[in-house]
Amino acid sequence: MAISWVAPRVVRQTRGVDLVGDLRRLGVAPGDVVMPHASLRAVGARAEAVIAALDEAVGPAGTLLMTIGARDDWAWVNQRPGGERAALLAAADPFDAATTPSDPEIGVLAEVFRRTPGTVVSDHPEGRFGARGARAAELIADVPWDDYYGAGSPLARLVEWGGKVLRMGADIDTVTLIHHAEYLATVPGKRRVCRMRRVRTAGGPVLRTVECLDDSDGIVDYPGPDYFGVILESYLATGAARRGRVGNAPSELLDARAVVEFAAGWMTEHFAGENPS
């Protein structure tokens, strides 16, 4: 659904930095399907300028996909026993795809992206995406309720459509696409979770459960740092990414399919003995 909000007018250059030119030199091309992750502080530009530059770089035939999540002040309820959750959620503000803000932990860029005219937003309270451009509505349509990062998800479509992941100074462990690889990896006893959310519907708020791989604490207990960061560092070490700068941020452009195949293989190899069946 389109969101009615007027963004401040932005220009192609920000303080003398040609963001569109930087994106072009990195390899972002008209017609591309791109999933960006960015640190605005690292880029040195406002969110509106980054979105405008991305729009121009992929052009009218291109599409942008961003994970935006959903603010949930009641997430703590899902740490309680299942039998207690319904009563605890009775007074919770229901998730509304059109109005619920993005997850603050994802950052300012996600919320500005959500509210920029032309962005469409998926209606899932957990695996929530925003998209804009030529194939935006198709990209986020019919998100699976359970296993929302698995088959039939926007992440699966990003891979199928030959999409790219763009990192602009983002933390090493923030590539959401690796969640899709968790579904493809051959790992015994992958950890799953069941969450409950209060969701607004045409008939009023309802309680719904969501079952999926554990995308908060990981599909296995893995010692050391977040394994998303370990996987991405290992992938970057292969030299497969295109590297450059966008604004002031060291940046990489990654092939989505190659990342998923590498990550799934890495997990298959390294997690084989973590959760014996």
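**Stop 1: the largest pocket**

The largest pocket holds about 1,600 Å³. On a 1 Å grid over the protein atoms alone, a pocket is an open set of points where a 1.4 Å probe fits, with protein on both sides within 12 Å along at least five of seven lines. Its volume is the space filled by probe spheres set on the points. The model is predicted: local features need pLDDT of at least 70, side-chain atom pairs need 80 or more, and totals for chains, interfaces and linings use all residues. Residues are numbered from 1 along each chain, and side-chain values use heavy atoms, without hydrogens or water.

Select Asp-103, Glu-105, Ile-106, Asp-215 and Ser-216. Of the 50 lining residues, these are the closest to the centre of the largest pocket. A lining residue has an atom within 4 Å of a point.

Which strand gives the most to this lining? Select β8 (192-199): β8 supplies four residues. Other elements with at least two lining residues include β3 (33-38), α5 (108-115) and α9 (227-236). Helices (H or I, at least four residues) and strands (E, at least two) are DSSP runs, numbered from the N terminus.

Now colour by class. The lining of the largest pocket has 23 nonpolar, 13 polar and 14 charged residues. Ala, Val, Leu, Ile, Met, Phe, Trp, Tyr, Cys and Pro count as nonpolar, Asp, Glu, Lys and Arg as charged, and the others as polar.

**Stop 2: the second largest pocket**

Select Arg-71, Asp-72, Asp-73, Asp-93 and Pro-94. Among the 16 residues that line the second largest pocket, they lie nearest its centre. The space here is about 220 Å³. Its lining has eight nonpolar, two polar and six charged residues.

**Stop 3: α9 and α10**

Show α9 with α10 (residues 256-270). Their axes come within 10 Å and cross at roughly 120°. Axes are lines fitted to C-alpha atoms over the stretch in contact, and angles run from 0 to 180 degrees between N-to-C directions. So α9 is oblique to α10. Oblique covers what is left after under 35 degrees (roughly parallel), over 145 (roughly antiparallel) and 65 to 115 (roughly perpendicular).

**Stop 4: α1 and α3**

Finish with α1 (residues 19-26) and α3 (residues 47-58). They pack at about 50°, with axes 9 Å apart. That makes α1 oblique to α3.
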